[in-house]
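Please work through the exercises below with the sequence and the model at hand. Each task is followed by a solution in steps.

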Amino acid sequence: MGEKTYAAEPRTPEELAGYANHIVQYSPEYSLCTGCETCMILCGLSHEGFTGPGNSRIKVELGTRSMLHRIAACQQCADHPCYEACPKKGEAMKIDEKGIVYIDEDFCIGCGLCAKNCKFQPTRIAMKKDKVHKEWKAVKCDLCRDNPEGPQCVKWCPVRCLGLSEESVFAPDGAKPAELDAE
Amino acid sequence: MPNYKISDILENPSNTQKLYGYSGKIARINLTTREVSYLDTYQYVPKYVGGRMLIHRIFWDEVPAGTGAFDEGNKFIYMNGPTTGTGIPAGGRSAACAIGPSVLPEQFTFGNIGGWFATELKYAGYDGFIIEGKSEEHVYIKIEDDKIEILPADDLWGMRVHQTQAALEEKHGHDFKSMVIGPAGENLVRIASITTSNDCALAKGGFGAVWGSKGLKAVTVHGTGMVAPADIETLKRLRLTMNNPSMTPSPILHLDRLGVPGGEFEVKYDRGNVACSPGCNQRCNALLMNGVSAFEDEPVNHIEKCVSASTFGYQADIPAPVGMFWPTKQNYCAPCKLLGRDFPAPDFSDPDFEAQGKVILPDTYDLWKPDYERGTIVNDLCNEYGIDKWEIDVWLQTWLGMGKKEHLFDDTDLGTGLEVDVENTDFIRTFIDNMVYRKGKYGDLFAEGMARAIRALGYDKYSETVYHGRHSQMLDGQRLDIPVSLEGGWGQSVHWQGRGYEGSVEKPTWLAACIIRMLSTRDANTVEHFHSEFEHHAEAMADPYHSPNLIRAIINVQNNAEIKDSVMSCEWQSPNPWWPTMEAEMYQAATGYEMTAEELHEAACRSKLLMRAILIRNHGRCRKMEIEQVWRVMSIPDSWGEVADWQQWNEMVDLVYEARGWDLETGWPYRETYEKYGLKDVADEMERLGLLPTRPAERWHDYGEAPYVQFVENCKQEQAV
């Protein structure tokens, strides 16, 4: 087997056509991520009632040396390889009317195939661990589809460096997706 | 095993009070025996809250008198707090303590630090750890959930700070967060720091050298567990109200001026604002981008805070408005807003607007010209070697600058092979290199820290020589003499003490800063900044030594510092004078325990008492000892040419002691004071040791003569000539 190649995050309107609405990080010229991880923390709090890296559906890739940070969130691929890989698709993984792939934990068997088949690096699907109870569940951004306030990471970001891709394409004030170099 | 569900926390049989917020255990890691054991957090909380309060209790219980900084018996105790990892703003910080090698004489001291480490440790299932013993080999500690390993560090030893962080990420993965020491800590440089991400450092006390003495290069941690706050709705409210986050974009700024008002110079640079630790709602740290590296060809980014501003240029001190220490409610602005340049528009309807906005013009020193590249390299040297910037920026460099002008170095190159010249980057770099690697006579000498080095060179000459280049802008440029060595007490540099670095402040403010320094063991003015409401300013100015509200404010500042380092908040977020219940609300939201603000202040008094007991039992602390530490600095003219009055200063100390319930003659707490705060066991131990005072029949007031200060004598002799 050859080494897996990973996709680049969509940036242009043409590239974005292959993706449903998703979380994007704006350019540091618009707003610089402070590395506060509020997006991760509020994600965990709103979905689980507690925080922790395995409970967040969004991840901040911290630049330890550069102190420039990259947000890694599900891009809501139109071809959704995670969904296709799920042995319980239609039950554990579902697709809503807006093309958002989401997880129904009641049916997730914790096999991890969705995470392994994510086309991005790092994978945009976390595995929520529960070693005590021997339960593993996949955790994935669903754009807070059940929350009338919308995505909590966007709502609570103190510097507004996060937004939605549908809005960012036509974003006000020069906002555009980030072009940070990974460390 | 970390906690993975809320039931893991609440069904812990030790958690009888059903507290959220804590992980539940503290790791004890013995580097001599290589054994790991655990303490139950719930045996200490809520009484000892967390963070520094918990540290004080454990240190009192475990580290006996006679323990030196580099002894096997010294313990490095590190704690996060109940708000850590919850998303309550500023909760990502943490506290630590040990016998500090930079303190003169060596004493118990403490610090706090940001970065991502504390939160990651909580996710791994720990409220803190105690590092004890000494390793024969160079080691680092790897914590991954419930697995704690002591691993060889021979391949890391010798690496600089960022190299070590990168090497640990390379070894164990990017999810691991590390606290590390650089070469300074390895070589037992007494001012060595422990550094984590975001250039956050435990810089005070010389804890990096404590790790070096234990053979410990780093602690790296990754956790997969969770942290559960009790009240998410209150947490959200706190996020939106604690220091009114603007919740607006924060773009990279392309600037062409650097420095404090009045001392700005032209230089093109990029600046971003970032947070120091997870969960914060502010962005107070300045990220200076693409600066010159001291070691690499590639440009580097640095976090810069207030102290390092002076290293870019120090011709005049820092201007400070009265309201910085004495704010009005209408124009109150937390330091995090000021540092992040995120402050609200001034409220001109404030009747005290002009008075609180009056700027004290700083003294001029004319020590080194603005030079962005030089300043960036010096700061990078501090960051990479792991040394305290305060010692370098405030003390070493000013000493070199003033000493040079007073001809102290006419016949010496201080072991550098170069003419002593604080403006010469090569000279400074060579000097710091020699110090960090203990090269030559002077390298070895200054590795002991400025306080010890100056005493070894000859205190009277190298500390007390008069510098004639300081001028007061508050007195129309009049010359005001100052010694060449800016020592402020306990072997640490001056800070907000009325003269020297950040020195141009009014008498009540510097008296308060000196009291706070006197009662501590370090430059407490980085963690216990003095603030009081402006409505008490006039009273304090009228009679600063006897102002009841000034004494109350000092006690409040000290207690709030304990609370901030224990609930876990930040010096720039907490306290808010007009929101006295803020920390109690933070604690309640984190733990679910209904602790009132008054109870939190009682806990702070208890914690201060424990620290006082440690200082008395372990280090012989008494009134005479601490008064003499700060008297020298108060004998130097302030920006109005005034010095402290010995009689009235003692009367002020009396008022503080009485407010604390301490004996006036010895400075030792009475039994009833210990017992009032639930420390009968401490009182019993102090009585056994003969360290419990009895109340005198008559009020003590035998202040004696003011301590001799060589600098004062030198000034008199010059005036006579």
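This is a predicted model: local features need pLDDT of at least 70, side-chain atom pairs count only at pLDDT 80 or more; totals for chains, interfaces and linings use all residues.

Residues are numbered from 1 along each chain as its sequence is written, while chains are lettered from A and ligands numbered from 1 in the order in which they are written.

**Exercise 1. State the confidence of chain B and of the complex.**

Step 1. pLDDT is the predictor's confidence in each residue, from 0 to 100. Chain B has a mean pLDDT of 96, and 100% of its residues reach 70 or more.
Step 2. For the complex, the predictor gives an ipTM of 0.95 and a pTM of 0.96.

**Exercise 2. Describe the side of chain B that touches chain A.**

Step 1. Count contacts, where two residues are in contact if their C-beta atoms, placed from the backbone, lie within 7 Å. In chain B, 42 residues are in contact with 34 residues of chain A.
Step 2. Find the contributing elements; helices (H or I, at least four residues) and strands (E, at least two) are DSSP runs, numbered from the N terminus. The elements of chain B that give two or more residues to this side are α1 (6-10), α4 (161-172), α7 (232-241), β14 (265-274) and β16 (300-304). The largest share, four residues, comes from α4(B).
Step 3. Sort by class: Ala, Val, Leu, Ile, Met, Phe, Trp, Tyr, Cys and Pro count as nonpolar, Asp, Glu, Lys and Arg as charged, and the others, Gly among them, as polar. This side of chain B has 21 nonpolar, 16 polar and five charged residues.

**Exercise 3. Identify the partners of strand β1(B).**

Step 1. In β1 (residues 25-30) of chain B, five of the six residues are buried.
Step 2. Two strands pair if DSSP finds at least two bridges between them. β1(B) pairs with β2 (residues 36-40) of chain B in the antiparallel sense over five bridges, and B:I26 stands opposite B:L39.
Step 3. β1(B) also pairs with β6 (residues 128-132) of chain B, in the parallel sense over five bridges; here B:N30 stands opposite B:E132.

**Exercise 4. Which backbone exceptions occur at B:P105 and B:V49?**

Step 1. Most residues other than glycine have a negative phi, and most peptide bonds are trans.
Step 2. The peptide bond from B:L104 to B:P105 is cis, with omega near -5°; B:P105 lies in the loop between β4 and β5 of chain B.
Step 3. B:V49, although not a glycine, has a positive phi of about 60°. B:V49 belongs to the loop between β2 and α2 of chain B and is buried, with 31 other C-beta atoms within 10 Å.

How values were computed: A residue is buried if 20 or more other C-beta atoms lie within 10 Å of its own, exposed if 12 or fewer, and partly exposed in between; C-beta atoms are placed from the backbone.
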